[in-house]
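Hi,

Here is the structure I said I would pass on.

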Amino acid sequence: RIEQCTLGHLLCSGPGDGDGTLSCASQVRAGRGPKCPVCRRSLSSTSIRALSAEQSIAILPAKCCHCSSSVARGSLRTHEAACPRALVMCAAKDDGGCRWTGPREEQDTHE
């Protein structure tokens with residue numbers, strides 16, 4: 001998700017880096033009298049989404065961390081969640097204590 005000020009300057013407002021940090025927009029809004037970091041105009045109390053920027057970024061290529069395939073950034077999470085080369089654990093791990101871990105594409109053969 002990307003926000004913009006009234007003049008169109010962009011601020012990332014999606015989740016932080018997964019390490020508990022706030023997004024740029026959240027950090028700016030947390031300050032007293034939040035202002036655009038570029039033009040210094042006051043930010044509106046309600047965020048303004050920059051849909052064209054979000055859509056442009058969503059079609060950029062990104063690499064899957066499991067198979068290194070090039071995937072549209074907007075589809076990356078869905079692909080990685082189902083990627084055949086992602087490492088998974090045996091479904092019987094909790095029941096029988098099987099310690100097998102391997103690519104998703106080999107899970108059916110293992111089980």
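This is a predicted model: local features need pLDDT of at least 70, side-chain atom pairs count only at pLDDT 80 or more; totals for chains, interfaces and linings use all residues.

The sulfur of C65 has its closest cysteine sulfur in C64, 5.2 Å away, and that is too far for a bond. A disulfide here means a pair of cysteine sulfur atoms within 2.5 Å, and in general terms it is a covalent bond between the sulfur atoms of two cysteines. C65 counts as exposed, at 59% relative accessibility; the classes are buried for under 20% relative accessible area, exposed for over 50% and partly exposed in between, with a 1.4 Å probe and protein chains only.

Residues are numbered from 1 along each chain as its sequence is written, and side-chain values use heavy atoms, with hydrogens and water left out.

Back to C5, which is buried with a relative accessible area of 3%. Which residues make up the largest nonpolar core? They are C5, L11, A25, V28, C36 and L43, 6 residues. (A nonpolar core is a set of buried Ala, Val, Leu, Ile, Met, Phe, Trp, Tyr and Cys residues joined through side-chain atoms within 4.5 Å.) Not counting residues up to four places away in sequence, V28 touches L11, P34, K35, P37 and L43, where contact means heavy atoms within 4.5 Å.

K35 sits in the loop between α1 (24-30) and β3 (48-49). Helices (H or I, at least four residues) and strands (E, at least two) are DSSP runs, numbered from the N terminus. At 35% relative accessibility, K35 is partly exposed. K35 and C5 are 30 residues apart along the chain, with 8.6 Å between their C-alpha atoms. Beyond its neighbours within four places in sequence, K35 contacts V28, R40, R41, S42 and L43.

R40 is in the loop between α1 and β3 too, and is exposed with a relative accessible area of 52%. Most residues other than glycine have a negative phi. S68, in the loop between β4 (61-63) and β5 (70-72), also has a positive phi, about 65 degrees, without being a glycine.

Now the sheet. It is open, with 3 strands in the order β2-β1-β3 and antiparallel pairing; two strands pair if DSSP finds at least two bridges between them. The edge strands, each pairing on one side only, are β2 (10-12) and β3. Helix α2 (residues 51-58) packs on the sheet and touches β1, β2 and β3, its direction making about 145 degrees with that of β1. Axes are lines fitted to C-alpha atoms, for helices over the stretch in contact, and angles run from 0 to 180 degrees between N-to-C directions. Strand β1 (residues 2-4) pairs with β2 over 3 bridges, and E3 stands opposite L11 in β2.

One last item is Q107, in helix α5 (residues 104-110). Q107 is buried, with a relative accessible area of 17%, and contacts V88, M89, A91 and W100, leaving aside its neighbours within four places in sequence.

Cheers
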